[in-house]
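Colleague: I have a new model on my screen and would like to learn how to read it. Could you take me through it, one feature at a time?

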Amino acid sequence: MSSITMSAVMHFGEMGSRWGFNRTVGQILALIVLNDKPISAQEIADTLSISRGNTSMGLKELQSWRLVKLHIIPGERKEFFVAAGDIWTLANRVLEERKKREIDPTLSLLRDLLLDSPSTDKDKLAQDKLCEIHDLLESVTRWSEELQRMGPDKLLTLMKLGAGVGKVLEFKDKLKIGNK
């Protein structure tokens with residue numbers, strides 16, 4: 001493995017916990033994504049100096065996230081793995097899975113808490129704040145879903161426009177202040 005690939009694999013391992021999975025799973029994902037050909041589970045274990053069992057568990061987790069898939073090579077008895085899409089597809093899947101595992105349960109809890117009738121002023125205040133959190137999460141979720149429906153080209157264009165849109169909004173606010 002080249003030094004560039006090794007550095008990236010090690011970094012993906014460190015970032016894995018921030019993305020929702022452990023260090024080894026992050027390293028396995030990087031190794032698969034950065035490989036130009038299907039890679040066997042044994043090659044992964046050997047390259048990362050991890051047990052075959054740990055490799056198998058990591059691959060199962062990545063498959064549950066829909067980030068890697070099994071690749072059959074005729075005549076081979078080994079299992080080979082490839083990335084389950086391009087970089088944009090993988091990023092979208094991470095976002096979808098994080099939403100499913102983190103945002104959806106939180107929204108569900110917030111909805112339940114907002115259905116309760118507050119019995120005290122403190123409960124009412126808490127419920128008002130929970131409503132704000134709920135509304136923010138709902139807005140972010142809807143916005144995220146809209147972004148995910150865009151193709152990579154449109155999304156890239158939108159991202160490039162990002163700073164420009166911020167400047168336009170600032171200019172609009174200055175015009176409003178000047179007109180008052």
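Predicted model: local features only at pLDDT ≥ 70, side-chain atom pairs only at ≥ 80, totals over all residues.

Colleague: Is G75 buried or exposed, and how do I tell?

Modeller: You compare the relative accessible area with a cut-off: over 50% is exposed, and under 20% is buried. G75 has a relative accessibility of 85%, so it counts as exposed.

Colleague: Then how do I judge the overall shape? What radius of gyration does the protein have?

Modeller: Set the value against what a compact globule with this number of residues would give. For 180 residues that would be near 16 Å, whereas this protein has 22 Å. The box filled by its C-alpha atoms, along the principal axes, is roughly 70 × 45 × 30 Å. Buried residues account for 27% of the 180.

Colleague: And the fold itself: how many helices and strands are there?

Modeller: There are 7 helices and 3 strands. Reading from the N terminus, their order is α-α-β-α-α-β-β-α-α-α. To see how chain segments come together, take the contacts between residues at least 6 apart in sequence: 50% of them join residues at least 24 apart.

Colleague: What should I look for inside the protein?

Modeller: In soluble globular proteins, nonpolar side chains tend to be buried together. Here the largest nonpolar core has 21 residues, and I28, I32, I44, L48, L59, L62 and L67 have the most contacts inside it. Helices α2 (23-33), α3 (41-48), α4 (52-64) and α5 (87-115) each supply at least two of the core residues. The most comes from α2, with 6 residues.

Colleague: Let me pick one member of that core. Which residues does L67 touch, apart from those within four places in sequence?

Modeller: L67 is in contact with F21, L29, L62, V82, A83, A84, L90, R93 and V94.

Colleague: I also see a histidine, H134. Where is H134, and which residues does it contact beyond its sequence neighbours?

Modeller: H134 is part of helix α6 (residues 121-149). Leaving out neighbours within four places, its contacts are L107, L110, R111 and L114. Its relative accessible area is 13%, under the 20% cut-off, so H134 is buried.

Colleague: What is phi near in R66, and where is R66 found?

Modeller: R66 has phi near 65 degrees, again a positive value in a residue other than glycine. R66 is in the loop between α4 and β2. Its relative accessible area is 35%, so R66 falls between the two cut-offs and is partly exposed.

Colleague: Finally, the surface and the charges. How far apart are the mean positions of the positive and negative charges?

Modeller: They are 4 Å apart, for 27 positive and 25 negative charges. As for the surface, the protein exposes about 12,300 Å², and carbon and sulfur atoms supply 59% of that area.

How values were computed. Residues numbered from 1 in each chain as written. Heavy atoms only, no water. Helix = DSSP H or I, 4+ residues; strand = E, 2+ residues; numbered from the N terminus. Rg over C-alpha atoms; globule rule 2.2 N^0.38 Å. Buried < 20%, exposed > 50% of the residue type's maximum accessible area, 1.4 Å probe, protein only. Contact = heavy atoms within 4.5 Å. Areas by Shrake-Rupley, 256 points an atom, 1.4 Å probe, with all protein chains shown as cover. Lys, Arg positive; Asp, Glu negative; His and termini not counted. Charge placed at Lys NZ, Arg CZ, Asp CG, Glu CD. Core = buried A, V, L, I, M, F, W, Y, C linked by side-chain atoms within 4.5 Å.
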